[in-house]
Amino acid sequence: MELNQLYDAILAGKMEQAIEITREAIYQGVAPQEIINEYMIKAMGEIGQRFQDGKAFVPQLLMSARAMKGALELLKPLLQGAASVTIGKVVIGTVKGDLHDIGKNLVASMFEGCGFEVINIGIDVPAEKFVEAVKEHNADILCISALLTTTMTYMEVVIEALKAAGIREQVKVMVGGAPVNESFAVQIGADGYSDNANSAVAKAKELIGV
Ligand code: B12
């Protein structure tokens, strides 16, 4: 079994093949992090680049996303850590107007695996829904995801809505997604930023002091 075939399968949008190779890799004891970071995310990066260069189109993006999601499902249970107590509550969602959820779900799985309780409120989430979820679940951390330059500005709208609701000080806000960076995070008044799921958890722990 060649793990590069997983990269190829995701790039070609072949879900069954991606699942099969992932199953085999798990069986052979390859670390889930390696499978995700070295093959899956790289394939999604490549399809994104092809899309940008006009060499791939939306249906191909969808097929690749479907293949990655299918294979990721197998890895999810393996990302669960041994933690028996919850170390914090995280509400996570993708902003209004934005339908990208692969990265968000990966961040959510990583948090779960590291012992956080995660409330995943989905995609295309309006500010009021973020506020409601933080209130309802008394969240320690709010994670906001955006993958489009046109939707990332909405993250500030969410932070303003938290302020208007009087709960901004009760929750740490983390932002992320491909177009987001540290200086943007600072500019909109977020507490933390990370460009990947692993360091997102480390940053969250730092923010809530666990
Ligand atoms: C898959 C994909 C799609 C799929 C999404 C399927 C799904 N269910 O998610 C579909 C086909 C639906 C899609 C649609 C569109 N897409 Co699209 N898509 C992508 C693609 C190829 C991959 C995204 C992905 O899943 N990456 C893999 C994951 C693991 O990485 P990630 O999302 O970045 O997440 C990681 C980090 O960013 C971080 N992170 C993410 N969220 C958060 C949150 C927090 C709090 C933290 C701390 C960290 C964090 O951790 C994650 C894990 O490590 C990207 C290209 C790219 N390279 O990003 C384009 C891309 C994002 N799409 C793009 C575009 C233009 C579109 C469309 C407008 C296309 C169209 N003309 O219709 C639509 C918009 C739909 C909408 N309203 O949202 C552009 C955006 C350009 C821009 N600058 O705004 C990109 C960059 C492609 C390109 N190069 O042009 N897309």
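Residue numbers start from 1 along each chain, in the order in which the sequence is written. Because the model is predicted, local features are reported at a pLDDT of at least 70 and side-chain atom pairs at pLDDT 80 or more, while totals for chains, interfaces and linings use all residues.

The protein chain is split into domain 1 (4-79) and domain 2 (89-208), with bounds that come from an automatic or database domain assignment. Between the C-alpha centres of domain 1 and domain 2 the distance is 24 Å. Six residues of domain 1 make contact with four residues of domain 2, where contact means that the C-beta atoms of two residues, placed from the backbone, lie within 7 Å. On the side of domain 1 that touches domain 2, helix 4 provides the largest share, five residues. Helices (H or I, at least four residues) and strands (E, at least two) are DSSP runs, numbered from the N terminus. By residue type, that side of domain 1 has four nonpolar residues, no polar ones and two charged ones. In this count, Ala, Val, Leu, Ile, Met, Phe, Trp, Tyr, Cys and Pro are nonpolar, Asp, Glu, Lys and Arg are charged, and the others, Gly among them, are polar.

The ligand comes next. It is surrounded by 39 residues, of which G48, Q52, I102, G103 and G176 are the closest; a residue is near a molecule or strand if its C-beta atom, placed from the backbone, lies within 6 Å of it. Domain 1 and domain 2 both contribute residues to the shell around the ligand, so the ligand lies between them. At least two shell residues come from each of helix 3 (32-52), helix 4 (58-79), helix 5 (102-113), strand 3 (141-145), strand 4 (172-176) and helix 9 (197-208). Helix 3 gives the largest share of the shell, seven residues. The shell is made up of 22 nonpolar, 13 polar and four charged residues.

Attention now turns to the strands. Two strands pair if DSSP finds at least two bridges between them. Strand 1 (residues 89-94) runs parallel to strand 2, joined to it by four bridges, and V90 has V118 of strand 2 as its bridge partner. Strand 1 is also parallel to strand 3, with five bridges between them, and here G93 is partnered by I144. Strand 3 in turn pairs with strand 4 in the parallel sense through five bridges, and L142 sits opposite V173 of strand 4.

A residue is buried if 20 or more other C-beta atoms lie within 10 Å of its own, exposed if 12 or fewer, and partly exposed in between, with C-beta atoms placed from the backbone. Strand 3 is mostly covered, as five of its five residues are buried. I141, C143 and S145 point one way from strand 3, and L142 and I144 point the other way. Strand 2 (residues 117-120), for its part, has V118 and N120 on a covered face and E117 and I119 on an uncovered one.

Helix 7 (residues 154-164) has Y154, M155, V158, I159 and L162 as its buried residues. Seen down the helix axis, these fall within an arc of 155 degrees, so they line one face of helix 7; the arc is that of the directions from the axis to the C-beta atoms. They pack against helix 6 (127-137), strand 3 and strand 4. The face turned away from this buried side carries the exposed residues K163 and A164. After helix 7 comes G166, with a positive phi near 75 degrees.

In helix 1 (residues 4-11), the buried residues are L6, Y7, A9, I10 and L11. Their cover includes helix 2 (15-27), helix 3 and helix 4.

Two loop residues complete the tour. D124, in the loop between strand 2 and helix 6, has a positive phi of about 55 degrees although it is not a glycine. D124 counts as partly exposed because it has 14 C-beta neighbours inside 10 Å. N138, in the loop between helix 6 and strand 3, is another residue other than glycine with a positive phi, near 50 degrees. N138 counts as exposed because it has 11 C-beta neighbours inside 10 Å.
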